[in-house]
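Subject: Structure handover

Hello,

Here is the structure I promised to pass on. Please open it first, then read the notes below it.

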Amino acid sequence: MEFEQFVPESYPKDLLDKDWKERKCYCVKGRRDFLCLVHNMFVKNDDVWLVTLPKCGTTWMQELLWLVINNFDFNAAKSEHLEIRTPFLEFEYIVNEDLKTALRPIEMLTSPRLIKSHLPLPLLPAQLWSKLPKLIYVYRDPKDALISQYYFGRSMGFNMDKTLEQFLTEKIESRETECDFDHVTEFYFLRSQPWLYYTSFERMKMNLRQIIEDICQFLDRCISEEQMHQMLKHLSFEEMKANTKTNHIWEIEQVRAKHRLPYEDHSFVRKGKVGGFKEELSPEFISRVDSWINKHLMRYNVTLNDLLLLND
């Protein structure tokens, strides 16, 4: 996949005190017109946005948010694919490459809309920073997230010619992956804003009940003890893994049909562990990835534990 640098029409200058001219953004070659479309898209005041890097607990939080927003309608959640109930902003264009239909899944939603994106802050719709709807950001240890990306790619026929360590080596040596640290730190430094809820996969694993309570408060929703019990069961790893509506089968089938590549079957909800990288990588390679992480985080004067909220 070939990348190119992309400069948006404008930056959210009032949000952070930084030199935006130095902020580099990259996109897959050929997606410039789509990013311009996103930049100028209409945002509703009651939208709820979920922004993450890939494989950071996005689906877990997505299902949690949809249920809170939709009055804990578990029957509806079990009857329709999550990707249809709460679209991935970039997906329609990635698959069909048609600007006329690129935003249709979002535009067809009834309010309040729950919208997911992996785009970095400068490439998200400009109206987000004037209207300031509620936004949730979730981060995860990059070692676990990148390993999950590797296996997810193999489910669609990508990465088939690479070992896990080859894939990770390419990632940590690419300029595009370096921008992931801008992606997370920009939202981390905004975490005290009333319109933003920032958390981590690791915090969700530590105390899911507390995260659900926090989200309900953040979105001005009430939850009963019975609903909480249902949520904890529905959002458990075992239930999420067995749930065909939360394993992105609808999306995966479309990507497989487009590319028609040999693939492996890996459940989207695969292991769901904190620190699962220790079972996949040698101590020497873990040390190498940690050095890459620490080197880049020094630029922001934060640690990985800071970003994962493990020092709170």
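Two rings of Phe, Tyr or Trp (its six-membered ring) count as a pair if their centres lie within 6.5 Å. Planes under 30 degrees apart make a pair stacked, planes over 60 make it edge-to-face, and the rest are tilted. Please keep in mind that this is a predicted model.

**Aromatic pairs**

Searching the whole structure gives 12 aromatic pairs. Tyr11 and Trp20 make a stacked one, with 5.4 Å from centre to centre and 20° between the planes. Tyr11 and Trp20 are both buried.

Another pair is Tyr188 with Tyr198. Their ring centres are 5.5 Å apart and their planes stand at 70°, so this pair is edge-to-face. Tyr188 belongs to helix α11 (residues 180-188) and Tyr198 to strand β6 (residues 196-200), so the pair ties together parts 10 residues apart in sequence. Tyr188 and Tyr198 are buried too. They also belong to one aromatic cluster, formed by Tyr137, Phe187, Tyr188, Phe189 and Tyr198.

**Charges over rings**

The charged end of Arg191 sits over the ring of Tyr188, 3.9 Å from the ring centre. Elsewhere, Arg85 places its charged end over the ring of Trp66, at 4.6 Å from the centre.

**The overall picture**

The protein has 18 helices and six strands. What does its radius of gyration say about 312 residues? A compact globule of that length would have a value near 20 Å; the protein has 19 Å, which agrees. The C-alpha trace spans about 45 × 45 × 45 Å along the principal axes.

Of the 312 residues, 54% are buried. The accessible surface is about 14,900 Å², and carbon and sulfur atoms account for 49% of that surface. Take the contacts between residues at least 6 apart in sequence: 77% of them join residues at least 24 apart.

**Cores**

In soluble globular proteins, nonpolar side chains tend to be buried together. Here the largest nonpolar core holds 62 residues. Tyr137, Tyr139 and Phe187 have the most contacts inside this core. Helix α17 (residues 283-297) contributes the most to the core, with six residues.

What does Tyr137 touch, leaving out residues up to four places away in sequence? Its contacts include Val51, Thr52 and Leu53. They also include His183, Val184 and Phe187. Leu196, Tyr197, Tyr198 and Thr199 are on the list as well. Two of these contacts, Phe187 and Tyr198, are in the aromatic cluster with Tyr137.

There is also a second, separate core, with 30 residues. Among them are Trp60, Phe72, Leu208 and Met231.

**Helices to look at**

Helix α9 (residues 164-172) has these buried residues: Leu164, Phe167, Leu168, Thr169 and Ile172. Their cover includes α8 (142-155) and α17.

Glu176 is found in helix α10 (residues 175-178). Beyond residues up to four places away in sequence, Glu176 touches Phe3 and Tyr26. Leu50 is 126 residues from Glu176 along the chain, and their C-alpha atoms are 21 Å apart.

**Backbone points**

Most residues other than glycine have a negative phi, and most peptide bonds are trans.

- Ser111 and Pro112 are joined by a cis peptide bond, with omega about -5°. Pro112 is in the loop between α6 (104-107) and β4 (114-117).
- Lys55 is not a glycine, yet its phi is positive, about 60°. Lys55 lies in the loop between β3 (48-52) and α2 (58-69). Is Lys55 buried or exposed? Its relative accessibility is 11%, so Lys55 counts as buried.
- Phe72 is not a glycine either, and has a positive phi of about 55°. Phe72 sits in the loop between α2 and α3 (74-79). Phe72 is buried, with a relative accessible area of 9%. Phe72 is also one of the residues of the second core.

**Where to begin**

Start with Tyr137, one of the residues with the most contacts inside the largest core. Then turn to Tyr188, which pairs edge-to-face with Tyr198 and has the charged end of Arg191 over its ring.

Best wishes

Terms used:
Residues are numbered from 1 along each chain as its sequence is written. This is a predicted model: local features need pLDDT of at least 70, side-chain atom pairs count only at pLDDT 80 or more; totals for chains, interfaces and linings use all residues. Side-chain values use heavy atoms; hydrogens and water are left out. Buried means under 20% relative accessible area, exposed over 50%, partly exposed in between (1.4 Å probe, protein chains only). Helices (H or I, at least four residues) and strands (E, at least two) are DSSP runs, numbered from the N terminus. A charge sits over a ring if NZ of Lys or CZ of Arg is within 6 Å of the ring centre and within 35 degrees of the ring normal. The radius of gyration is taken over C-alpha atoms; the globule rule is 2.2 Å times the number of residues to the power 0.38. Contact means heavy atoms within 4.5 Å. Accessible areas come from the Shrake-Rupley method with a 1.4 Å probe; for residues, only the protein chains shown count as cover. A nonpolar core is a set of buried Ala, Val, Leu, Ile, Met, Phe, Trp, Tyr and Cys residues joined through side-chain atoms within 4.5 Å.
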